[in-house]
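Thanks for coming. The model comes up now.

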Amino acid sequence: MAIIKYDSKLCDMVIEEPSTLTVLNRFGIYLGLGDKTLTDVCQEMQLDIEFFSTILNTYINENYFPEDILKSHSINKLIEYSHKTNEYYLRFSIPNIDRHFNSLIQRSSADNNNLGLLRNFFEEVKNELLTRIESDKTILNAILSGTYSNEMQLLKPESEDLIEDKLNDLINMFVLHLKGNYDINLCQAVLISIMALKKDINQNNRLRYRILFPLIEHHYN
């Protein structure tokens, strides 16, 4: 996707890359965008336009790397955004998958399908994600309160990639190995919501690796 500029219309961005809706929501921006540009929205919401555009472009574009991030962005803003991201997973993404998964199992025949096994695997992945979120909360709050020390470590990319890998394994299980009778619509709802969570984690991890982690290392090493 093209780089988002100050005069880019947010409606065009959302239509081309719908996953950006989750980012907008974390800034308090919702549907009904009209033809507002990035500048219009930042003025209206009193947002730091450089910070906002950096978040969007890092999230959207795999090859985008913001220049001079250690000089231009406040670590407190990134921590606030990280908290909102984790809160989104806790309040929306995970409950949405749970709700659809429970309905899928209730409305499908338990005699000849393997949905229970898939549900158990999702619980394993969910618990790992919840552990990461709790670790984030502890460490990021320590930074805000001035009690952070070098002994406290955010999970590194190789650890976080395991969550993405397991979500990908779960998606493959649905696509390749699902069997028996099941509610087709609910099954698709579960799969789509898992795919959306995996994509959001993948895109958000670019923010962690390219901005948040370097800022923490810059401030405390």
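What volume does the largest pocket have? About 270 Å³. Before going on, the ground rules. This is a predicted model, in which local features need pLDDT of at least 70 and side-chain atom pairs count only at pLDDT 80 or more, while totals for chains, interfaces and linings use all residues. Residues are numbered from 1 along each chain as its sequence is written, and side-chain values use heavy atoms, with hydrogens and water left out.

Now the terms. On a 1 Å grid over the protein atoms alone, a pocket is an open set of points with protein on both sides within 12 Å along at least five of seven lines; a cavity is a set where a 1.4 Å probe fits but cannot get out; lining residues have an atom within 4 Å of a point. Points are joined across faces, edges and corners, and a volume is the space filled by probe spheres set on them.

Back to the largest pocket. Its lining has 16 residues, and T22, Y88, S93, A196 and L197 lie nearest the centre. Two or more lining residues come from each of α2 (20-26), α6 (75-106) and α9 (184-220). Helices here are DSSP runs of H or I, at least four residues, numbered from the N terminus. The largest share, six residues, is from α9. By class, the lining has seven nonpolar, seven polar and two charged residues; Ala, Val, Leu, Ile, Met, Phe, Trp, Tyr, Cys and Pro count as nonpolar, Asp, Glu, Lys and Arg as charged, and the others, Gly among them, as polar.

The second largest pocket has about 150 Å³. Its lining includes R26, D48, K77, E80 and K84, and α6 gives the most, with four residues.

The largest, at about 50 Å³, is lined by L78, Y81, S82, N204, L207, R208 and L212. Helix α9 contributes the most, four residues. The second largest cavity holds about 40 Å³. Residues lining the second largest cavity include I94, F122, K126 and L197, and helix α7 (residues 115-145) gives the most, with four. That lining is six nonpolar, no polar and one charged.

Last, the surface. V175, L176 and M195 make a nonpolar patch of about 300 Å². M195 sits in helix α9. That's all; questions, please.

Terms used
Patch = residues over 30% accessible without salt bridge, like charges linked within 9 Å, V, L, I, M, F, W, Y side chains within 5 Å. Areas by Shrake-Rupley, 256 points an atom, 1.4 Å probe, with all protein chains shown as cover. Salt bridge = Lys/Arg side-chain N within 4 Å of Asp/Glu carboxyl O.
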